[in-house]
Amino acid sequence: MTETLPARPVSGESFKRALAVHASGVVVITGQTEGIPAGLTATSFSSVSLDPPLVSFCVDRASTTWPALRRADHFAVNVLASHQAELATRFAAKGEDRFAEPTRWRPGRFGVPLLQDVSAHLICLPYDTVDLGDHTLVAGLVLEAQAHTPGRPLLYHRGRFGRFLAH
Ligand SMILES: Cc1cc2nc3c(=O)[nH]c(=O)nc-3n(C[C@H](O)[C@H](O)[C@H](O)COP(=O)(O)O)c2cc1C
């Protein structure tokens with residue numbers, strides 16, 4: 001006889017510990033609403049679909065930056081390069097003017113804030129959002145994609161930033 005297992009989720013500790021060993025790239029999502037730029041660091045970035053070209057990220061519904069970002073008519077995904085760990089920390093810090101010096105950025109197409117010296121940027125049209133648990137999954141239709149340099153990626157692994165080492 002097959003035992004019916006209770007649908008009991010894993011503990012938060014085990015969940016975080018297991019996910020922490022999944023190394024990921026680091027992006028900063030940026031947008032502009034009523035002339036004011038907003039942005040946050042994210043590792044939940046992923047490609048979703050080739051046709052149409054869709055990407056996604058997940059944002060904490062408790063984020064105080066997301067309400068401004070979600071009102072932006074476009075958003076950019078800035079893929080950080082290996083020397084940009086401080087920038088990643090800055091765009092995750094509370095109570096900072098994230099776009100003030102030393103952050104270097106310029107308005108791109110549609111007025112979307114683009115960070116300087118990133119490995120790549122994608123300019124997206126908001127496509128869909130789905131509330132999942134305590135996060136919102138955001139999908140964007142990619143209107144413009146530019147890889148700027150053959151630069152090395154910034155990685156995040158077990159709570160630390162690091163670099164990629166090829167075999
Ligand atoms: C490496 C790293 C990755 C992060 N990834 C995400 C993410 O994928 N989604 C998210 O909502 N917050 C993520 N955060 C947290 C936000 O960047 C940060 O908490 C948030 O912007 C600060 O709070 P605020 O949104 O209220 O300003 C990450 C932070 C760091 C340092």
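Predicted model: local features only at pLDDT ≥ 70, side-chain atom pairs only at ≥ 80, totals over all residues.
How many nonpolar, polar and charged residues does the shell around the ligand have?

1. To take the opening question first, the shell around the ligand counts nine nonpolar residues, six polar ones and two charged ones. In total, 17 residues surround the ligand, and the closest are Leu40, Ala42, Ser44, Ser63 and Thr64.

2. Next, look at where that shell comes from. Strands E3 (36-42) and E5 (54-60) each supply at least two of its residues. E5 gives the most, with four residues.

3. Now turn to the largest nonpolar core, which has 28 residues. Val27, Val28, Ile29, Phe75, Val77 and Leu80 touch the most other members. Two or more residues come from each of the strands E2 (27-33), E3, E5, E6 (75-79) and E9 (120-132), and E6 gives the most, with four. As background, nonpolar side chains tend to be buried together in soluble globular proteins.

4. Leaving aside residues up to four places away in sequence, Val27 touches Ala42, Phe45, Val77, Asn78, Val79 and Leu80.

5. Finally, follow strand E11 (residues 154-157). Two bridges join E11 to strand E1 (residues 24-25), and the two run antiparallel, with Gly25 opposite Leu155. E11 also pairs with strand E12 (residues 160-163), again antiparallel, over four bridges, and here His157 stands opposite Arg160. The hairpin of E11 and E12 has two residues between the strands, and Arg158 takes a positive phi near 45° in this hairpin.

Conventions. Residues numbered from 1 in each chain as written. Near = placed C-beta within 6 Å. Nonpolar A, V, L, I, M, F, W, Y, C, P; charged D, E, K, R; others polar. Core = buried A, V, L, I, M, F, W, Y, C linked by C-beta atoms within 7 Å. Buried ≥ 20, exposed ≤ 12 C-beta atoms within 10 Å, placed from the backbone. Contact = placed C-beta atoms within 7 Å. Pairing = 2+ DSSP bridges.
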